[in-house]
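Open the model in your viewer and keep the selection tool at hand. The tour has two stops.

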Amino acid sequence: MAVSLAVTRVLEAEAGLDLARDAKFVAGHSLGEYSALAAAGSFTIADTARLLRLRGSAMQKAVPVGQGAMAALLGLDYETGVAVAKQAAEEIGGVCQIANDNGGGQVVASGSKAAVERAMEIATTKGAKRAMLLPVSAPFHCALMQPAADAMAEALAKVEIKAPRVPLVANVVAGPVTDPAEIRRLLVEQVTGTVRWRESIAWMAGQGVTQFIELGAGKVLAGLVKRIADGATGSSVGAPADVEAFKARG
């Protein structure tokens, strides 16, 4: 979040970036949704930092270490991933859900450790090119995170949320929101819900967006764009050289 907002401020100061004028939508992947909202003026930076600290702590506390897991199921589409997760949960018991639909054949399962491990086995029989456990500290974006969702509902109720200067394409609905009450509700749902990134990018592309710019550390999201939206371009700005390249593009 800090890096994303720092990049945003640098672009505003040095390249004349004005989100309200230059961007049609903002979006962020999971935690990045808070960064997007802060950049668009819905949250103050101080409130964003406090909320994210609480969110991380609450998600970590929700499930004892070792009882949950997340796994990338590479080469499966979302619908197949959902079927795999459902079958694993039914066979093993516990929770197994698709936490992330990242696009480009990248879906991530999350839930009880045994159920996720079973999902990995099933996935290989359903055409997955690879199934691998992720080195995470908790099973994010699944029903096991309900205690964290409750904590975030309480915290968000006490924070002022302004309408963003640019519509947010929210993770859990893959569509635009501007109403503060709706944003608050969806941020709570996001803790246990699927990050519908593929659908979010596809929806924006359907609205005429052809250029996606990732602000902050990393280039993963920019790389996913071309796998999701034909003809769209994805670029990233996270270092001084990237800022200069952005300025050169005008």
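What follows is a walk from a helix pair to the aromatic rings.

This is a predicted model: local features need pLDDT of at least 70, side-chain atom pairs count only at pLDDT 80 or more, and totals for chains, interfaces and linings use all residues. Residues are numbered from 1 along each chain as its sequence is written, and side-chain values use heavy atoms, with hydrogens and water left out.

**Stop one: two helices**

Select residues 78–92, helix α5, and residues 113–125, helix α6. Their axes come within 8 Å and cross at roughly 130 degrees. The crossing is right-handed.

Now show the side chains. In α5, pick V84, Q87, A88, E91 and I92. They meet A114, A115, R118, A119, I122 and A123 in α6 (contact means heavy atoms within 4.5 Å). By class, this contact has eight nonpolar, one polar and two charged residues.

**Stop two: aromatic pairs**

How many aromatic pairs does a search of the whole structure find? Two (ring centres within 6.5 Å; planes under 30 degrees apart are stacked, over 60 edge-to-face, the rest tilted).

Select F25 and W203. This pair is edge-to-face, at 5.0 Å centre to centre and 70 degrees between the planes. F25 sits in the loop between α2 and α3, and W203 in helix α9, so the pair ties together parts 178 residues apart in sequence.

Next, select Y34 and F43. Their ring centres are 6.0 Å apart and their planes at 10 degrees, so the pair is stacked. Y34 counts as buried at 0% relative accessibility, and F43 counts as buried at 4% (buried means under 20% relative accessible area, with a 1.4 Å probe and protein chains only).

Conventions
Axes fitted to C-alpha atoms, helices over the stretch in contact; angles between N-to-C directions. Helix = DSSP H or I, 4+ residues; strand = E, 2+ residues; numbered from the N terminus. Left-handed = near helix turned anticlockwise from the far one by under 90°. Nonpolar A, V, L, I, M, F, W, Y, C, P; charged D, E, K, R; others polar. Buried < 20%, exposed > 50% of the residue type's maximum accessible area, 1.4 Å probe, protein only.
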